[in-house]
Amino acid sequence: MRGRRAAGLVAGFGFGALLALAFPAPSWWWWAWVGAVPLLLVVRAAPTAWEAAARAWCGLAGYVLTTQYWLLPSAGPLLAVLAAGLGALWAPWGWAAQRLLSYPLTVGRMLAATVVLPSAWVLAEAARSWPALGGPWALLGASQWNQPSTLASASLGGVWLTSFLLVAANTAVAGAILHHGVRGRVIALLVAVACAAVGPTWFVLGPAPTAGSTVRVALVQPGDITDAGARQKAGEALTATLAGQRLDLVVWGESSVAVDLASHPKALADLADLSRRVDADLLVNVDAPTPTGAIYKSAVLVGPHGSVGAYRKVRLVPFGEYVPLRPLLGSITRHTKAAAADRGRGSGPVVLRTGTLTVGPLISFEALFSDLPRREVQLGAQLLAYQSSTSTYQGSWAQPQLAGQVAVRAVEVGRPAVHVGLSGDSAAFDARGRQLVWRPGGYRSATVVSVPLGPVSTLYQRLGDWVLALAVSIVACSCVVSARRSRRQAVSVPAIAAGASR
């Protein structure tokens, strides 16, 4: 019995880890539409609902470990704790899967599963999206970042709707395998096809980008340079080569400037001179102590006459930029690459204006969050500009995963977006998530890309997280129905026993 239980947990862990193949670097986006089926079958085969919950817990712990293995240098042994903690959020999903998909499987329960299980999955994703837990990294819907047609569902309900449809499709495929009747299998397959068709249908029939101008944006990627001064000089040298290319904006990566510009007028004057030479404003990024000693990650727009405006990062990376509960956890992180000093937080979103272009600046980790670009668009942003530095994870899956998130954000709010990685990956996407350029981690140069500014009006930008509200309602109703059914069964059993005794 113990051996069987252990085998179920190991199988759950392995099949959960396999889901990571849907994300960069493999980027098997199609795998996300069927890759959860093996995990579902293992969970459903558990002898009890509680054991199914444990298998789901292990499966999603494996998923987190595999998609975020590159955190090991900064989080150390806490990564295993993080994976176990986050995996526990999917235990209710596993419990519900065993209850709804167990034999005898009726068409009604199978259809209920295609609604309840995606809701439970999405609510688990929403819970793990709390910034202190690492944010919404590797949400299942984000696996569609490089497929604008299937990602189009994010413009209706955000990445949450795309995740919902993916889990619903996987559940329907599992139902087609488990159901014994031809009618039930046909219905299940039709549901799976309908879920997969939502994005492509909206991509074809939904609103097209409105007419707009095109801007020329330069993405400066100097590479993995440890010395801060040398890094800045490399960025300046690459930018200088852009003179005469009729640019509207030059974007540098995160931590590209070594000193606080407000207290170093010479450094600011040099950047202003560089702006004059290339005839475009520079969006640089400062990671340096201010005169008060505080350290902020700041996006600073520099024009020919000096600083035009700045944005301070609001969402900080746990362990990478601050240590949660440092007095308690500081000793654990002493032998890792966790932040030695906590960064300060900005007060909120801003937009920066360069010529006729309004830019919504966001920094690195903030590419994971849907609410930040929504607020930038509400302030009038025409272009989202993300700056990142993932040099700590150079050559790992972290770099393409982060750059791919920007495509999801662009589709959600219907605005083009650029992402500049100091050492890779850099990318640009239009308002429908179509890739305009991609520069991998080994690239060392400046890239000029023409970005169409035509926006797309999205339902998600207008209504926000309505999918989460719907998921809460579905799970709540399911719990009520399950409780009533259990109560009826508890009453009927004694009655049947009493009748039999007569």
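## Val359 and strand E7

Val359 sits in strand E7, which spans residues 357-363, where strands (E, at least two residues) and helices (H or I, at least four) are DSSP runs numbered from the N terminus. The model is a predicted one, in which local features need pLDDT of at least 70 and side-chain atom pairs count only at pLDDT 80 or more, whereas totals for chains, interfaces and linings use all residues. Residues are numbered from 1 along each chain as its sequence is written, and side-chain values use heavy atoms, with hydrogens and water left out.

Val359 counts as buried because its relative accessibility is 3%, the classes being buried under 20% relative accessible area, exposed over 50% and partly exposed in between, with a 1.4 Å probe and protein chains only. Apart from neighbours within four places in sequence, Val359 is in contact with Leu249, Val350, Val351, Leu352, Thr354, Ala381, Leu383 and Ala385, contact meaning heavy atoms within 4.5 Å. From Arg183, Val359 is separated by 176 residues in sequence and by 53 Å in space, C-alpha to C-alpha.

## Ser388 in strand E8

Ser388 belongs to strand E8, residues 383-388, and is classed as buried because its relative accessibility is 0%. When neighbours within four places in sequence are set aside, the residues in contact with Ser388 are Gly253, Glu254, Ser364, Leu402, His419, Val420, Gly421 and Leu422.

## Arg487 in helix H17

Arg487 lies in helix H17. Which class of accessibility does Arg487 fall into, buried or exposed? Arg487 is exposed, because its relative accessible area is 53%.
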